[in-house]
Amino acid sequence: ESKYRRFAPIDLPNRQWPAKVIEHPPIWMSTDLRDGNQALIDPMSVETKLTFFKALVNMGFKEIEVGFPSASQTDYDFVRRLIDEGHIPADVTIEVLTQARKELIDRTVESLQGVHRAIVHMYNPTAPDFREIVYRTDKAGVKAMAEQGTRWVQEAVQRFPDTEWVYQYSPEVFSGTELDFAKEVVDAVSAIWQPTPAHKMIINLPATVEMATPNVYADQIEWMHRHIDRRESIIISVHPHNDRGTAVAAAELAVMAGADRVEGCLFGNGERTGNVDLVTLALNLYTQGIHPGLDFSQIDQVRQLVEQCNKIPVHPRHPYAGELVFTAFSGSHQDAIKKGFAARQADDMWNVPYLPIDPMDLGRSYESVVRVNSQSGKGGIAFLLAQEYGLDIPRRLQIEFSRIVQRHTETTGKEANSQVIFELFEQEYLAD
Ligand code: KIV
Ligand code: ZN
């Protein structure tokens, strides 16, 4: 049983129906080692990828895109290392990306020789500007490319019958492709692959570039969900990028609109403004009482590891994971938090003001929740003395002592940690 309440107000004025909420987690796919890696200033080495891969497995990812082996020797070597050294658990499937060219598809499939199960992910352009400007072709040209590529994948995987093959197709810049044409292409692809409910294929519908408000992407996904052929044999996947800063909302709305699976990166790494942030998505679900099936109970460790591998810092205000996101400096917030903690019973639903999640659930301490600077008040100071030193000081003394602390922080211009506060208290009241 979760201590978090699903927030779905049903009694808004003039509203007779409940707000739509996500009822269960999507299938998660981490593309940290592919889309994330391809956007790094210094791409990861095989060794770094291996460290990251093991961490993703420990977090609970069952599908991990590990690279683009036909485009990068490092990625090819990494795939071989994963397979040859037995790093892939039986319940984890690796995925690799390829373009729709025969020699690239052959080399991609060859890189996977000996793996128990793999997803071959082929993409080709379908959006008008990509068709016309980048590839100098037309609708028929890109559709033929998708069909021919699918046949090449089919032929290539037949050479390795001991592997369980899953096929994933992405029409590139789905978010900018005419919907009826996107349907025509993915229907043609699935007609060739012939998935079944027991052996589904994945149709991934990327917002390669985020082009509109998130409800528009969700409408595009819903339309595909309602109209594509062989829906019962297809996993609809979304792959939102964050160009407008709304990838998380786009993914959540897309799942409500019928998507089964979400591709993204930890802390929103990825091309340009990044892929959708899987940490935020997963913990948004968690705080609605739905276990996401991913383990972020040691979020600081996850953050440090990702920062080391990507060589990119996570913003201190990043949802759930940033250094400052459970910290209150202002007096009124500190006071409310202190009262929330004091009122809490062990088996209560989580209901501490200003804290959408219990920091303990992410392996973070309560100490960082309340930090004291010149904007802080008596509540925060009393909270720290009680929490860290077991000192329960009466209200009148709290008011008096908070003035002393405030004078100190105004003079230094710095924050005062619990040790400094205790020393001030000692000097003032406990010294002989
Ligand atoms: O953003 C994108 O379109 C991609 C594809 C390769 C799926 O990363
Ligand atoms: Zn992408």
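Two strands are said to pair if DSSP finds at least two bridges between them, and strands (E, at least two residues) and helices (H or I, at least four) are DSSP runs numbered from the N terminus. The model described here is predicted: local features need pLDDT of at least 70, side-chain atom pairs count only at pLDDT 80 or more, and totals for chains, interfaces and linings use all residues. Residues are numbered from 1 along each chain as its sequence is written, while chains are lettered from A and ligands numbered from 1 in the order in which they are written.

Strand β1 (residues 27-30) runs parallel to strand β8 (residues 261-264), joined to it by four bridges; there M29 stands opposite E263. β1 also pairs in the parallel sense with β2 (residues 63-67), over two bridges, and S30 has I64 of β2 as its bridge partner.

Around ligand 1 (C-beta atom, placed from the backbone, within 6 Å) are D35, L97, Y123, S170, E172, N204, P206, T208, H239 and H241. β5 (164-172) and β6 (201-207) each give two or more residues to this shell.

The UniProt annotation "binding site", from an unreviewed entry, covers D35, H239, H241 and N275. Although spread over 241 residues of sequence, these positions cluster in space, with a largest C-alpha distance of 10.4 Å.

D35 belongs to helix α1 (residues 32-38), whereas H241 lies in the loop between β7 (234-240) and α9 (247-256). D35 counts as buried because it has 23 C-beta neighbours inside 10 Å, the cut-offs being 20 or more for buried, 12 or fewer for exposed, and partly exposed in between. H241 is buried because it has 25 such neighbours inside 10 Å.

How values were computed: UniProt positions are given in the numbering used here, feature names are shortened, and annotations may be inferred rather than shown by experiment.
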